[in-house]
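Please look through the structure below before reading on. The text then goes through its parts in turn.

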Amino acid sequence: MAHSKNTSTVTEFHLLGFQNLSALQALLFPVFLLTYLLTVTGNLTIIVIVSQNPRLNTPMYTFLKHLSLLEIWYTTTIAPMLLTSLLSWRRAISFPACMTQLYFFVFFGATECFLLTTMAYDRYLAICNPLYYTALMSPGACMKLVVGSWMAGLWTALVPSLMISKLRFCGPNQIDHFFCDLLPLMQLSCSSTAATETVIFILSVMVLCICFLMTLFSYVFIVSTILKIPSASGQRKTFSTCGSHLAVVTIYYGTMISMYVRPNALLSPDLNKVISVFYTVVTPLLNPIVYSLRNRDFKEILRKVVKRNSSI
């Protein structure tokens, strides 16, 4: 049956998932399920605690709350399909559902890039320009940056998603991945993908590389400011916090850049899947941990909440 918009004969796809690792699927399912549950629980905890404590009503925690909300949606876009693919050999997904998953994956992924860059800028202002921080990062400016990050991600996802949805798919319909990703879908198309590949490459460079470089430069200025701190303990504490932030950011951007800012089909499908796990499953769990549990105020409030609830 032809698709009305792109005359594709394929009306559904089959996600192959980790079928080449059949011996490990019984082990992978509980690991990914536990990771997903911890990610949702951890991020929800951060949202609730930040929302209910006026003491945490600061730009840094406003950004963190939105990052946590983003991570819940981001991992939920991928994890249920991943878990399902581990329980069955082939998981069918309709053409519209596949395009919808693709759109939200790009939307949340791009939004995370913009939000992480904004959070690095916030830390840069707080550490490098403390006298001007309150004026520059007012509640109004903070919300503009948050809304701007979400809107930028929303529009970034439109172009690649629309272009891929317009491609023709005549078969085969087996996606050698655990979700509807950009590159595996283009490899299945029976029409020319040159223009789509070029646009996606340019967008990837603009979003991933530029956001990563801006984040990196923010931390370079932060580190140079830290080195001027006379207290050795103050240096160690700030270095430790910034180091953990930068480590997770590097994992996220490094794996994303290795996937999308490179020639098509350079890596094997199995290696692509392993790399994809890092930015779709691992970083949504790690981000809230390093941004919240490395902070003294948050840990103190969390301890009080746990103590209060355990005494009830």
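The paragraphs below cover the annotated spans, then the sheet, then the packing of helices.

The model shown here is predicted. An unreviewed UniProt entry lists residues 27–51, 72–90, 102–121, 199–227, 239–261 and 273–293 under "transmembrane region". Two of these spans can be described further. Residues 27–51 are 100% helix and 0% strand, and the C-alpha atoms at the ends of this span lie 37 Å apart. Residues 273–293 are 95% helix and 0% strand, with 29 Å between the end C-alpha atoms.

Next comes the sheet. Strands of a sheet pair through backbone hydrogen bonds, and the pairing can be parallel or antiparallel. In this model there is an open sheet of three strands in the order β2-β1-β3, and its pairing is mixed. The edge strands, β2 (91–94) and β3 (174–175), each pair on one side only. Strand β1, made of residues 12–15, pairs with β2 in the antiparallel sense over four bridges. Within this part of the sheet, L15 stands opposite R91 in β2. A helix also packs on the sheet: α3, residues 95–128, touches β1, β2 and β3. The direction of α3 makes about 85 degrees with that of β2.

How do α2 and α9 lie relative to each other, parallel or antiparallel? Helix α2 covers residues 59–87 and helix α9 covers residues 269–292; they pack at an angle of about 155 degrees, and their axes are 9 Å apart. An angle over 145 degrees counts as roughly antiparallel, so α2 and α9 are roughly antiparallel to each other. The crossing in which α2 passes α9 is left-handed.

The residues that meet can be named. From α2 they are L64, L67, S68, E71, Y74, T75, I78 and L82, and from α9 they are Y279, T280, V281, T283, P284, N287, P288, Y291 and S292. Sorted by class, this contact of α2 with α9 has 10 nonpolar, six polar and one charged residues.

Helix α2 has a contact with α3 as well. The angle between α2 and α3 is about 155 degrees, and their axes are 10 Å apart. The reasoning used above applies again, and α2 and α3 are therefore roughly antiparallel to each other. Their crossing is left-handed. The contact of α2 with α3 is made up of 16 nonpolar, six polar and four charged residues.

Terms used:
Residues numbered from 1 in each chain as written. Predicted model: local features only at pLDDT ≥ 70, side-chain atom pairs only at ≥ 80, totals over all residues. Heavy atoms only, no water. UniProt positions renumbered as here; feature names shortened; annotations may be inferred. Helix = DSSP H or I, 4+ residues; strand = E, 2+ residues; numbered from the N terminus. Pairing = 2+ DSSP bridges. Contact = heavy atoms within 4.5 Å. Axes fitted to C-alpha atoms, helices over the stretch in contact; angles between N-to-C directions. Parallel < 35°, antiparallel > 145°, perpendicular 65-115°, else oblique. Left-handed = near helix turned anticlockwise from the far one by under 90°. Nonpolar A, V, L, I, M, F, W, Y, C, P; charged D, E, K, R; others polar.
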